[in-house]
Amino acid sequence: MYKQIEELINQKQHTYFQTSDKIWDIAETKFHEKESADVLINVLKEEGFSIETNIGEIDTAFVASFGNEGPVIGFLGEYDALPSMSQKAGSTQKEANPDTENTNGHGCGHNLLGTASLAAAIATKDYITEHNIPAQIKYFGCPAEEGGSGKTFMARAGAFDGLDMAICWHPGTDNAIWGVKTLANIQAAFEFKGKSAHAANAPDMGRSALDACELMNVGGNYLREHVTPEARYHYAYMDAGGVAPSVVQDHAKLLYLIRAPKGSQAKEIYDRLCKIAEGAALMTETEVTVHFDKACSNYIPNVVYSRIMGDVMMHYGGPEFDEEDQVFAKAIHDTLTEEEKQFRMIPPATPVEQKVLKENVGKVLADYVYPFNEVLTNVTLPGSSDVGDVSWIVPTVQCIVATEVQNTAMHTWQWVTNGKSGIAKKGMIQAAKIMAATAVKVLEEPEYIDQAKAELKNITDVTPYVNPIPADVKPNSLAF
């Protein structure tokens, strides 16, 4: 099985390289990924998948399906870029991409993410066809992971209902099972309206929306002492009211992103921040409108499926990098400060991780694999992903595969510049093999499905899933 999966993916890897590069070039941000989605859809159509578009009222979300009987396996794909991250591919210094006026960039590797999941779905389809295994293969085109929670909107629409297994991965600096939890989050904008006036002649006639924003931030910062220690929230000015200090600003807007280990905790903090905003408006005699933007749930790692994927990953090993890859990686690694070199995607949390690190000290590319460590399923990563909502509906498994240089962090120019490199492509193909082989192992031994579902049911029986996005909130690009 392992060898055949490898051959099925290698036979079509040129198509996957072209697909990934095209999406890197297009670099579209959340809910605008029309061309990127079309690139993936065209490949899937050629492979015999049927396509359903406009999932969850998102015109860049789609589901590609193959087969009509047997267990249902879903592969999750992403393809959105980040704003203001333009970078020339293959450069060893920070410089904007000269080939486009587009200022976006793939600083989180989603051009690789969506393509590897595509390759895994196609390889699984080819394998079950040849071996007459009854199964249904679905590829989920999931937009707006970056700040839009596309999967959460899709989950609200029932897109993932009926799946027996969901499989995903994420580009990274290491090779490991994503066996940790993530934080739930809520994002909302707070828009203040006041009354303009001449700041010198008639300041008493004005009511400052900017003052209201600043007072809200002060209140929000005092609140930090009185929330669960694992929570964190961040804010940015979407509108500071203008650039003229001689005018009392009659409009201003803040964007808050709230994170906590549980969705209920994030909601509690959100509700308290809403009260703080009301207080700021009361103090300044302004009006505030709250725009709930999006939310996502915490991720639940499935131990049953994680063990299987862990075995598959140990079989395939890490990507095999060549000398050209090592030279480029060393040049990128040299751009990091000593402080930045302390960053690790897989923290040495237990003796298991510490042993692997000790055996591979000094490597700038991870060609080794961390064994699955069940202890880490009780650890919460200080970040969020809308894969979390999928994991509450269907047993979900994902891995991290090395496509990036050691110690480089996500959402940096180093990740963008590396997005079309041999390093990235080797990791992407390895991820596809791991995901496809994991799916096939489960299809060939379907008793794992019942075990994985029972594990998830034990959790949801105690804490039922509630989609965190209110029914009246529509997918948007912050066009409030």
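1. Strand E3 (residues 72-78) and strand E4 run parallel and are joined by seven bridges; two strands count as paired if DSSP finds at least two bridges between them. Helices (H or I, at least four residues) and strands (E, at least two) are DSSP runs, numbered from the N terminus. Within this pairing, Leu76 stands opposite Phe140 in E4. From E3 the chain passes through helix H4 (residues 110-131) to E4, a β-α-β crossover that is right-handed. The term right-handed applies if, with the strands pointing away from the viewer, the path from the first strand over the helix to the second runs clockwise.

2. The model is predicted: local features need pLDDT of at least 70, side-chain atom pairs count only at pLDDT 80 or more, and totals for chains, interfaces and linings use all residues. Residues are numbered from 1 along each chain as its sequence is written, and side-chain values use heavy atoms, with hydrogens and water left out.

3. Strand E4 also pairs with strand E2 (residues 58-66), to which five bridges join it in an antiparallel arrangement. Here Ala64 stands opposite Tyr139 in E4. How much of strand E4 (residues 136-142) is buried? Six of its seven residues are, where buried means under 20% relative accessible area, exposed over 50%, and partly exposed in between (1.4 Å probe, protein chains only).

4. The whole structure holds twelve aromatic pairs. Rings of Phe, Tyr and Trp (its six-membered ring) pair if their centres lie within 6.5 Å; planes under 30 degrees apart count as stacked, over 60 as edge-to-face and the rest as tilted. One of the pairs is Tyr2 with Tyr316, edge-to-face at 5.4 Å centre to centre and 90° between the planes. This pair links Tyr2 in helix H1 (residues 2-11) to Tyr316 in helix H8 (residues 303-316), 314 residues apart. Tyr316 counts as buried because its relative accessibility is 13%.

5. Phe31 and Phe153 have ring centres 6.3 Å apart and planes at 75°, so this pair is edge-to-face. Phe31 lies in the loop between helix H2 (13-26) and helix H3 (34-46), and Phe153 lies in helix H5 (residues 150-156), 122 residues apart. Phe31 is buried, at 11% relative accessible area, and Phe153 is buried at 2% relative accessibility.

6. One aromatic cluster is formed by Phe190, Tyr233, Tyr235 and Tyr256. Over the face of Tyr233 lies Arg224, 4.2 Å from the ring centre. A charge sits over a ring if NZ of Lys or CZ of Arg is within 6 Å of the ring centre and within 35 degrees of the ring normal. The charged end of Lys125 likewise sits over the ring of Phe66, 5.8 Å from its centre.
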